[in-house]
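Me: I would like to go through this model term by term, setting each value against the rule behind it. Please start from the definitions.

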Amino acid sequence: MKIHEYQAKELFRQFNVKVPEGGVAFTAAEACEVAGTLGGYPVVVKAQIHAGGRGKGGGVKLAQSVQEVETYANEIIGMNLVTHQTGPEGRRVGKVLVEQGLNIAKELYLSILPDRATAKNIIMASEAGGMDIEAVAEETPEKIIKVFIDPLAGIQPYHLREVAFGLNIPGAAMKSFTQLLSSLYRLFAQYDCSLVEINPLVLTAEDEVIALDAKMDFDGNALFRHKDIMAYRDTDEEDPLELEASKYNLNYINLGGGGNVGNMVNGAGLAMATMDIIKQAGAEPANFLDVGGGASAEMVENGFRIILSDPNVKGILINIFGGILRCDVLAEGVVEAARKTGLSVPVVVRMEGTNVEEGRRILAESGLDLTTAVDLKDAADKVAAMVA
Amino acid sequence: MSVFVDENTKVLVQGITGKEGQFHTRQCVAYGTPVVAGVTPGKGGQSMDDVPVFNTVKAAVNETGANCSMIFVPPPFAADAIMEAADGGVDLIVAITEGIPVMDMMRVKNYLKDKSCRLIGPNCPGIITPGVAKVGIMPGPIHKPGGPVGVVSRSGTLTYEVVHQLTMKGIGQTTGIGIGGDPVNGTNFIDCLEAFQNDPETTGIVMVGEIGGSAEEDACAYIKEKVTKPVVGFIAGLTAPPGRRMGHAGAIISGSSGTAEAKLAAMKAVGVHVCENLGALGELCASVF
């Protein structure tokens, strides 16, 4: 789960990771109020959305006076911000972070994330701060320092020194830097983060080390033990259909490309493979929907309704390999959903596995106009022909 | 012959008295798997059907000689259950549980390093040696005993699809292994490839991967060095958008890494017979094996 920069900085403050003075504002008037508390100009006005590349998209402005703060805040709040991470449709900005400007001597990059291959946490740091770190990694991998931390032993002082010397931190800023990194690791580990990233981390002319930016992402599987983080969830940042699906424990992803075939599958791997085979049959998948192993008829019904609320969907492919989820349960859900919502688009059903005969009987006796398929290829070809 | 699970496997089930634990224990027993014990803390002395329940793994192993644990414990307590199983002396741990925090699994993985037991999963369907024993949640009847193909996969139902197509073509399986969809897991592709390569009754291997991480690429490097048996490969997620977790915690394209294209290219480069269209996997296997 992602959170906003201003929320991440609240957590940073709690853990003694130094951030610029500032606060969040939902209106231009609030922005001016925050600016007035910062003790001088320049002041930075930053759009708060869950995506990077905000500066390039016009979502970050440097203001030299309270009038400029007002102008920029008015400009940014309510704007549709398009960055390389939002996709062409962009994201509506609902709030800004207003912060003091800093006397920057050097920009650095710092992040911590779990490394799946080694099962260790990895600290990545670079003197090439403020840049796209993927590009740095690609073009000049020698400029990135990587330090691996055993999750059982935790971070040690020599790890801190290794990163600090690697970044050529000046002696006067050494203590400030190692204190920040050690606090940041504590925050990362305590809250089950899947990423903490500061880009840029700045070294000021006064030899202070300050997190100018803050990006945090949390392991969704660990949120049960971090109720305080759940309070940071911003549903405005979520796709409305995905938000609706999450209420019913459905794993739904809107692919957003105007796809014309909706699909409902049990199991994530099979769901991805079903999307792929729809494309190979000449149509475009509209979504990913894994109803999971323990789906009830009610979940199937809600999934069906959510797929149909995407106006681009011209046909539906239901692909179920019954294991834990029995085909008769699925069939009941489909019949119920079709009766309630009406079949506005053609539906192809392919079922195999546990209780498949019973499932097929329920569908056949429902009197509904459903097309059945003998296997996966047959199903994809049929649905593609229907939407062509 | 088979790998990891055979006629000597004696299973204990951690979380046997829960809804899932009960249901799947019965399915495994019905398949003919020797389930000798269950573990649910606080319910020691009771029984589930005819299976005796113990408070601890150690007690269950001491009393029954169980050598394999199948875990259905809910995510918040699953890491603890895996470590208890490892400490309790079983040789094989099959963790079915989905949704274990990554940080917990990293601790488990490092904890298991100096232990001799093998972990399969978590977030997996388990492992089956058709006709001999099923330690997992996969539907038994879709499998065909007797080999000659070994199946290894990161997915659940996608594996059922693959196995079903093999069986429909008359191709049996030696052992089917679901290694799980989490970013940090126990047994990986390479462990399974090595076991299948060394198993005389396995003459071909089907490897099913998906987007995210580099496990498939690492496996391909191993195939090039060590695997002489024919391998058929499939990767799910060609149409998956970057930066989104596709159901499995581990199925995510991060920046430019973990794409299906890169994995398919790695497979082709080492001579794996790549299946481009899942609908035709059975036919491809019939022509290769």
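Reply: Domain bounds here come from an automatic or database domain assignment. By that assignment chain B has domain 1 (1-122) and domain 2 (138-289), and their C-alpha centres lie 25 Å apart. The model is a predicted one, in which local features need pLDDT of at least 70 and side-chain atom pairs count only at pLDDT 80 or more, while totals for chains, interfaces and linings use all residues. Residues are numbered from 1 along each chain as its sequence is written, and chains are lettered from A and ligands numbered from 1 in the order in which they are written.

Me: What makes a residue part of the contact between domain 1 and domain 2 of chain B?

Reply: Two residues are in contact if their C-beta atoms, placed from the backbone, lie within 7 Å. The contact takes 16 residues from domain 1 of chain B and 18 residues from domain 2 of chain B. On the domain 1 side, α4 (102-112) and β7 (118-120) of chain B are the elements that give two or more residues, and α4(B) gives the most, with 4 residues. Helices (H or I, at least four residues) and strands (E, at least two) are DSSP runs, numbered from the N terminus.

Me: How many residues of chain B are in contact with chain A, and which helix gives the most to that side?

Reply: There are 49 residues of chain B in contact with 44 residues of chain A. On the side of chain B that touches chain A, α4(B) gives the most, with 7 residues. The residues of that side of chain B divide into 25 nonpolar, 18 polar and 6 charged, where Ala, Val, Leu, Ile, Met, Phe, Trp, Tyr, Cys and Pro count as nonpolar, Asp, Glu, Lys and Arg as charged, and the others, Gly among them, as polar.

Me: Why does the radius of gyration of chain B agree with that of a compact globule?

Reply: The radius of gyration is taken over C-alpha atoms, and the globule rule is 2.2 Å times the number of residues to the power 0.38. With 289 residues, that rule gives a value near 19 Å, and chain B has 18 Å, so the two agree. The C-alpha atoms of chain B fill a box of roughly 55 × 40 × 30 Å along the principal axes.

Me: Why is Val45(A) called buried?

Reply: A residue is buried if 20 or more other C-beta atoms lie within 10 Å of its own, exposed if 12 or fewer, and partly exposed in between. Val45(A) has 29 C-beta neighbours inside 10 Å, and therefore counts as buried. Val45(A) is found in strand β2 of chain A, and, leaving aside residues up to four places away in sequence, its contacts include Ala31(A), Tyr72(A) and Val98(A). By the same rule for burial, 60% of the 289 residues of chain B count as buried.

Me: What makes β2 and β6 of chain A a pair?

Reply: Two strands pair if DSSP finds at least two bridges between them. Strand β2 (residues 43-47) and strand β6 (residues 96-100) of chain A have 5 bridges, in the antiparallel sense, and the bridge partner of Val43(A) in β6(A) is Gln100(A). Both strands belong to an open sheet of 4 strands in the order β1-β6-β2-β3 (chain A), with antiparallel pairing. Its edge strands are β1 (22-25) and β3 (60-63) of chain A, each of which pairs on one side only.
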